[in-house]
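Subject: Structure handover

Hello,

Please find the structure below, with its sequence. My notes on what was found follow it.

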Amino acid sequence: MAFKDALVSLGKELGLPLEIENGKAGFEASFGDDGEEPVSVEISADGDDDFVVVSADLGELPSDDIESLATRMLEANHLFAGTGGSSLSMDGDRALLERRVRLDVFSRGEGANVIYPFIASAISFRHNLFDRSV
């Protein structure tokens, strides 16, 4: 299955059109109507025809607490135990949650089973890492 076909299948599952631009498709997501700021999710081709990368932007890194934040991120990454198979990372001044997913998962109609928990994890990490729940 091609990347484009996989995103069409995923878009049908999620009930939203996923348009590819520069090898990527993105959308914003949240759960419920609790006033939560949506998380930006991007799905991109991996360069390996069998995988895609799902990425969520968790927000800007706080300059005054970088060491503590980096420690919490590394602890959560340990054997993927705290991230549900995803990885926390930094890109410039942004924190990201990323996951490599087999392309065929989306073709089997199981993409939502990956995307929904990923979004929930991203929202949870945004609260836990940046103390936004307070």
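A definition first: a helix axis here is a line fitted to C-alpha atoms over the stretch in contact, and the angle between two axes runs from 0 to 180 degrees between their N-to-C directions. Please keep in mind that this is a predicted model.

On that definition, helix 2 and helix 4 have axes that come within 10 Å and cross at roughly 140 degrees. Helix 2 is therefore oblique to helix 4, since only angles over 145 degrees count as roughly antiparallel. The crossing of the two helices is right-handed. On the helix 2 side, the contact is made by Leu69, Arg72, Met73 and Ala76. Helix 4 contributes Phe125, Asn128, Leu129 and Phe130.

Helix 2 itself covers residues 66-77, twelve in number. At 1.5 Å a residue it should span 16 Å, and its end C-alpha atoms are 16 Å apart, so expectation and model agree.

Which residues of helix 2 are buried? They are Leu69, Met73, Ala76 and Asn77. These four cover an arc of only 100 degrees around the axis, which means that they lie on the same side of helix 2. Their cover includes strand 4 (87-91), strand 5 (94-102) and helix 4 (111-130). The face turned away from that buried side carries Glu67, Leu74 and Glu75, which are exposed. Just after helix 2, Leu79 takes a positive phi of about 55 degrees.

Leaving aside residues up to four places away in sequence, Ser44 touches Phe3, Gly23, Lys24, Val52 and Val53.

Is Gly47 buried or exposed? With a relative accessible area of 76%, Gly47 is exposed, because anything over 50% counts as such.

Regards

Notes: Residues numbered from 1 in each chain as written. Predicted model: local features only at pLDDT ≥ 70, side-chain atom pairs only at ≥ 80, totals over all residues. Heavy atoms only, no water. Expected span 1.5 Å × (residues − 1). Buried < 20%, exposed > 50% of the residue type's maximum accessible area, 1.4 Å probe, protein only. Arc of directions from axis to C-beta. Contact = heavy atoms within 4.5 Å. Parallel < 35°, antiparallel > 145°, perpendicular 65-115°, else oblique. Left-handed = near helix turned anticlockwise from the far one by under 90°.
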